[in-house]
Amino acid sequence: MPDSQQQPPHSPSGQTDTAALLLCGARLTDGRTVDVRLGGGRIEAVGTAGSLATGTAGSLATGTAGSLATGAAGALAAKVDLTGYLLLPAPAEAHAHSDTALTADGHGPLAYDDRAVRRRATEAALLQLGHGATALRSHVRVGDVQGLDALTAVLEVRRSLRGLADLATVAMPRVLTGTAGADGLAMLRDALKMGASVVGGCPDADPDPTGYVEAVLELASEHGCPVDLHTDASDPARLARLTAMAGGLRPGVTLGPCGGLGGLPPEVAARAADQLAAAGVTVVCLPQGACGSADRRGTAPVRLLRAAGVRVAAGSGALRDVSNPVGRGDPLEAAYLLASRYGLRPEEAYDAVSRAARAALGLPEVRVEAGFPAELLAVRGDGLAGALSLAYSRIVIHRGRVVARTSAVREYCDSAAESGLELPRQGREEPS
Ligand SMILES: [Zn+2]
């Protein structure tokens, strides 16, 4: 479980997350239009539209994200008008690389100094939060040239984001076996003491991949923390060994991006999928592309894995760094690709970046029902397929507060209307 879960609620503005907030007129994926009352960081009540609206103080629908955040203070519930919005459990970013994000345009060697990493990691996390990811898991390299500097910086960012988003860090040592491995192991232990909450890395890059996995599992078991390893999964025998070793570990093992599985003969890939399912291993695929720590081999065969019973989540991976010069860090883009390129239904695709991603991160489930955590994303539109296609306008809620708001306005020139064209339903306001 990410250690951020154990921190007391705190917000940078000094506001607690206990203030009530009423979301009015939101559409749910089952077609209902509802009011949703939030309080104490949870969903307190869900009722038919208008049924919870009494006793509220003022509308915040036209405010900016800043005024929304401060405006929610007070005894009475503040109100956000979600007419025209689809309300969803918030997505989570299951596979980010904060320390290298946004470096594609840089010149010369990559800077790992505290300031540079903090700036990049903050910018990347806020970008991802703006898209709706209120929880993020970021892989951070430890050892080698950067030592523990990059991790130190990302942990500082994690603290400064508290109240906005939960950021958990995965420590990624390079080598854990042989003579060089002793340093790697010491560094990994220090990383966990400092606050990294997950043990990770790339066993395939170690001269002894099995020894690497043994070291990782032993340390994780000692510290009671989850494991999240990089592999392209293109070597079935090696993957079978890793899967067999991973099976016993609680709180769980995640592998990603596993793109190489798609290149294996179908019967070999199917056997690997059965083994992953039996071992309870989660796969985080990266539909937008791989990341620097795994070969680019396309996306893991999500339908095959799902059919075998493997929990499959999707993350963004590289975000404008050496291994992917572009990137939005948008979970809805990952879901869009799962639907458009890999044959998942929109509901299944969104599940991969929300329910499955949160489960992969060890976070409690979110449903738009009373009692569940108030981690929500409102997207302009009235259905999931539309939301995955054109999700420009979004309102992001973390611990019961609006933490980000994006509003898109599209206008057509006058001649469009004059020529008798019937403008889209949202007319000149917002594309949806
Ligand atoms: Zn990665």
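Arginine 399 is buried, as 24 other C-beta atoms lie within 10 Å; a residue is called buried if 20 or more other C-beta atoms lie within 10 Å of its own, exposed if 12 or fewer, and partly exposed in between, with C-beta atoms placed from the backbone. The model is a predicted one, in which local features need pLDDT of at least 70 and side-chain atom pairs count only at pLDDT 80 or more, while totals for chains, interfaces and linings use all residues. Residues are numbered from 1 along each chain as its sequence is written.

The backbone at arginine 399 also deserves a look: phi is positive there, at about 50 degrees, although the residue is not a glycine. Arginine 399 sits in the loop between strand 16 (394-398) and strand 17 (401-406). Helices (H or I, at least four residues) and strands (E, at least two) are DSSP runs, numbered from the N terminus.

Arginine 320 is another non-glycine residue with a positive phi of about 50 degrees. The loop that holds arginine 320 runs between strand 14 (312-314) and helix 9 (331-341). With 21 C-beta neighbours inside 10 Å, arginine 320 counts as buried.

Turning to the peptide bonds, the one from arginine 250 to proline 251 is cis, with omega near 10 degrees. Proline 251 belongs to the loop between helix 6 (236-246) and strand 12 (253-257). A cis peptide bond also links glycine 256 to proline 257, with omega near -5 degrees, and proline 257 is located in strand 12.
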